[in-house]
Number of protein chains: 2
Amino acid sequence: MGKRRDRADRRPGAGEAPRETRDRSGGQGASPPAAGLSGPAGRPSRGSAKTIGDVPMGAGDDTGNAGIVATRYATVAEPPNELRLESGERLGPITIAYETYGTLSERRDNAILVLHALSGDAHVAGRHAPDDKRPGWWDMMIGPGKALDTDRYFVIGTNVIGGCSGSTGPSSTDPKTGRPYGTGFPIITVADMVEAQALLLDRLGIERLLAVVGGSMGGMQALEWAVAKPERVHQVIALATAARQPTQAIAFNEVGRQAIMADPDWNDGDYYGRGVPAKGLAVARMIGHITYLSDEAMHEKFGRRLQDIHDYSFTFSADFQVESYLRYQGLSFTERFDANTYLYITRALDYFDLTRDRRSLVDVFRDVTSRFLVMAFSSDWLHPPYQLKEIVGALRATHKHVSYYEVQSGFGHDAFLLEREKMEGVIGAFLASGARTYHFAPAGPRGATPSVPAPSSED
Amino acid sequence: MGKRRDRADRRPGAGEAPRETRDRSGGQGASPPAAGLSGPAGRPSRGSAKTIGDVPMGAGDDTGNAGIVATRYATVAEPPNELRLESGERLGPITIAYETYGTLSERRDNAILVLHALSGDAHVAGRHAPDDKRPGWWDMMIGPGKALDTDRYFVIGTNVIGGCSGSTGPSSTDPKTGRPYGTGFPIITVADMVEAQALLLDRLGIERLLAVVGGSMGGMQALEWAVAKPERVHQVIALATAARQPTQAIAFNEVGRQAIMADPDWNDGDYYGRGVPAKGLAVARMIGHITYLSDEAMHEKFGRRLQDIHDYSFTFSADFQVESYLRYQGLSFTERFDANTYLYITRALDYFDLTRDRRSLVDVFRDVTSRFLVMAFSSDWLHPPYQLKEIVGALRATHKHVSYYEVQSGFGHDAFLLEREKMEGVIGAFLASGARTYHFAPAGPRGATPSVPAPSSED
């Protein structure tokens, strides 16, 4: 991958002041924006361009746009302080790609970490260049005046380790060999992703988050944050997710992996600089894509409509619009995503189980101190509402503060990326109420019992 | 495939007397049973071994077993009387593999045609040899005293055209080239399957069926029978199916086809006598298999249990039982099923739409004369109950006799192959009541209006 890394001579500790990071384009081929580090560019800024340490503070513009952002890179876990992974293996140095939006407050009490799903990245909002066709993947929720209001909050997006959008993953260069890791990359878990994110926060000087927010795999990371690092998370927003990867989702992921590994171009993961296993990865993506849409959404979007023909071709061509759409989705995915990362990230998903090595979900949540907003989507069949309700039930059983909200939506699992109007009020109000209680909430060491009674749950 | 064919010098007409057919093992490697054509062997028969013409009549034994059966082959549509397909192409000669159970009555009024789903075959019940480990695919419903009681009914199983279990399909030898058809085989539709079955019935001398019965694609064939040949079908039992292939099912099939065609061993369909595209076909089957099981069934059957290990391997091995199961299902499927047939049959499924070229489902059913039993399964998400209810609603709108029954089952789509106890009473009673009305029901030409008022629907 050849990312520039800012070397540090030791593993940073919690609460350490931000260290230098360097600006990079997000691997999209765009030039670094002229405005550099100090804030959004390309539109009139309504916040002044300031930094705390090297942390840029931009505020976007009056139209709700998060503005022009740049992906940045931090290097953590440098030898001999490599990150010890759940598998027992050690990984380091680790590059972490991240983006920030808004201004970190003087008290550093307004930081929100946004966590991505399988194929997401650090680019959660705004654009890398003024002529970018599409903004970041959760732009609908992040910007001035939006639910994650960058006039009030300091929003951080970050690519998970194992990823292929700037953070260290199987397509990165293994410093031991000088070649891409490939399948020599260690298996990583959701807990490992969170550990690496914690190192990034250390680097940014953020001891405690106002909130962690994520859907699907991002929701799993959010839950893991609450369980593994309760003292560092004031609020958790978990969308369209589960406390453990369900069987059916493991099954679909396994088929996707088999499709990739069946492609001769996969070559046991050693394909960098050669032909990529595009056909296998496309099939894997097509499978995944179906699971993200509801039966109803597929029917309404495509029905049995034909693509550019008036009658059946009586061939194996893509007669139906839904076939053409899936082929396009599969093909375009191979242009932006690494096949090995698909293997590693789906493995991390499948391994995710908060109750692993633990007695019950209620026990797992016993020492959690965060306030929770758990959101389900009615037509999501990858993570149906019952899976979210299980989380809510366990939190309530230990008298945690938890709000449950079920969005009526026909969009299926993808609803958390689409249903802006149905989500923004709930998320915005939850974040705002949490911001008011931030300095009254317990921030003790892991395992501390809340010093004030948790508020009663609300629905 | 090198099947022996019994040649006929003309295309048989409806009502023609049975012609000679020859006995073959069902491609399972078993020797032809010693008992030959004249009925079940290997257990004491409670029916006498008789034939009408060459139609064997066996009655199985006292334990409900359909006994030892042999797959048989008829050749129809011989040039110059090839079958004209829906695509406009012509196909012939056509070999049709079939099996029969029970005794055709003197009045030929007790024949039931059982229609298989994607991967089924003519072997619907009984065993090909005494030491066969598994009986035919619907053995639970077919045999002496069972719902399709072979002491009363003459049951016919038949492999669809396009198939790979004895009927003419892409793996058969193209008489024009002397080589397997491969992708030179014409695209076939559900309507074409039914036309070929009608030619088989002509050959067997069966003018009118007491019933057609099928689940999934078998249900589509059953509906097509009722619409295309109303004068030949007294009763229709359609299970876990739809009046048109739904969008999501097209999507899953398309991914399976892409997986097969992505396998370099597929070689544009020309792989016979070489390496078969096993990896691609296995992936296709794994996808299909997930759609046949419910989320709930998968969870109960496998959960997150590990396969022969105590902890995660932190590799891409099949750690989870569900992964191991799917890999096995995929692999074993490739040993019995032809990849090109998978392409052709899924294409036929996706093309199925009773309302194609017609105004509405109500209009489509207007000239139907059959009595209907439509059965849905509560956890079937490939063909959820709403798709069956659509059929029922359209039939009721034209005052047809239709019974709707929703089986409460956690098994998903596969429930129609598993829920014996919940199905047999309903199906048995429906068939028996239809047998009583058979000679009073209209049997006029296609499009005839019932001469007696249809009974009111029942639920």
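At what angle do helix 3 of chain B and helix 7 of chain B pack, and how far apart are their axes? The first view below gives the values; every view is drawn from a predicted model.

**View 1. Packing of helix 3 of chain B against helix 7 of chain B.** The two helices pack at an angle of about 160 degrees, with their axes 10 Å apart. Angles over 145 degrees count as roughly antiparallel, and helix 3 of chain B and helix 7 of chain B are therefore roughly antiparallel to each other. Helix 3 of chain B passes helix 7 of chain B in a left-handed crossing. From helix 3 of chain B, the contact takes Ile250(B), Asn253(B), Gly256(B), Arg257(B) and Ile260(B). Helix 7 of chain B contributes Ala339(B), Tyr342(B), Leu343(B), Thr346(B), Leu349(B) and Asp350(B). By class, the residues of this contact are six nonpolar, three polar and two charged.

**View 2. Crossing of helix 4 (residues 278–292) and helix 6 (residues 321–334) of chain A.** The axes come within 8 Å and cross at roughly 125 degrees. Helix 4 of chain A and helix 6 of chain A are therefore oblique to each other. Their crossing is right-handed. On helix 4 of chain A, the contact residues are Ala278(A), Leu281(A), Ala282(A), Val283(A), Arg285(A), Met286(A) and His289(A). On helix 6 of chain A, they are Leu326(A), Gln329(A), Gly330(A), Leu331(A), Phe333(A) and Thr334(A). Eight residues of the contact of helix 4 of chain A with helix 6 of chain A are nonpolar, four are polar and one is charged.

**View 3. Helix 3 (residues 247–262) of chain A against helix 6 of chain B.** This pair joins helices of two chains, with axes that come within 9 Å and cross at roughly 45 degrees. That angle makes helix 3 of chain A oblique to helix 6 of chain B. The crossing of helix 3 of chain A and helix 6 of chain B is right-handed. Thr247(A), Ile250(A), Ala251(A), Glu254(A) and Val255(A) of helix 3 of chain A make the contact with Val322(B), Glu323(B) and Leu326(B) of helix 6 of chain B. The contact residues divide into five nonpolar, one polar and two charged.

**View 4. The side of chain B that touches chain A.** In this interface, 42 residues of chain B are in contact with 42 residues of chain A. At least two residues of this side of chain B come from each of helix 3 (247–262), helix 4 (278–292), helix 5 (295–301), helix 6 (321–334) and helix 7 (339–351) of chain B. Helix 3 of chain B supplies the largest share, eleven residues. The side of chain B that touches chain A has 23 nonpolar, eight polar and eleven charged residues.

**View 5. Symmetry of the two chains.** Chain B is superposed on chain A by a rotation of 180 degrees with 0.0 Å of shift along its axis, at an RMSD of 0.0 Å. The two copies are thus related as by a two-fold rotation axis. The same surface serves both copies, as 100% of the contact residues of chain B recur in chain A.

**View 6. The boundary between the two domains of chain A.** The domain assignment gives domain 1 (22–247 + 355–440) and domain 2 (248–351). In chain A, 29 residues of domain 1 are in contact with 26 residues of domain 2. On the domain 1 side of this contact, 14 residues are nonpolar, 14 are polar and one is charged.

Notes:
Residues are numbered from 1 along each chain as its sequence is written. Chains are lettered from A and ligands numbered from 1 in the order in which they are written. This is a predicted model: local features need pLDDT of at least 70, side-chain atom pairs count only at pLDDT 80 or more; totals for chains, interfaces and linings use all residues. Copies are superposed by least squares on the C-alpha atoms of residues with pLDDT of at least 70 in both. Two residues are in contact if their C-beta atoms, placed from the backbone, lie within 7 Å. Domain bounds come from an automatic or database domain assignment. Ala, Val, Leu, Ile, Met, Phe, Trp, Tyr, Cys and Pro count as nonpolar, Asp, Glu, Lys and Arg as charged, and the others, Gly among them, as polar. Helices (H or I, at least four residues) and strands (E, at least two) are DSSP runs, numbered from the N terminus. Axes are lines fitted to C-alpha atoms, for helices over the stretch in contact, and angles run from 0 to 180 degrees between N-to-C directions. Angles under 35 degrees count as roughly parallel, over 145 as roughly antiparallel, 65 to 115 as roughly perpendicular and the rest as oblique. A crossing is left-handed if the near helix is turned anticlockwise from the far one by less than a right angle, and right-handed if clockwise.
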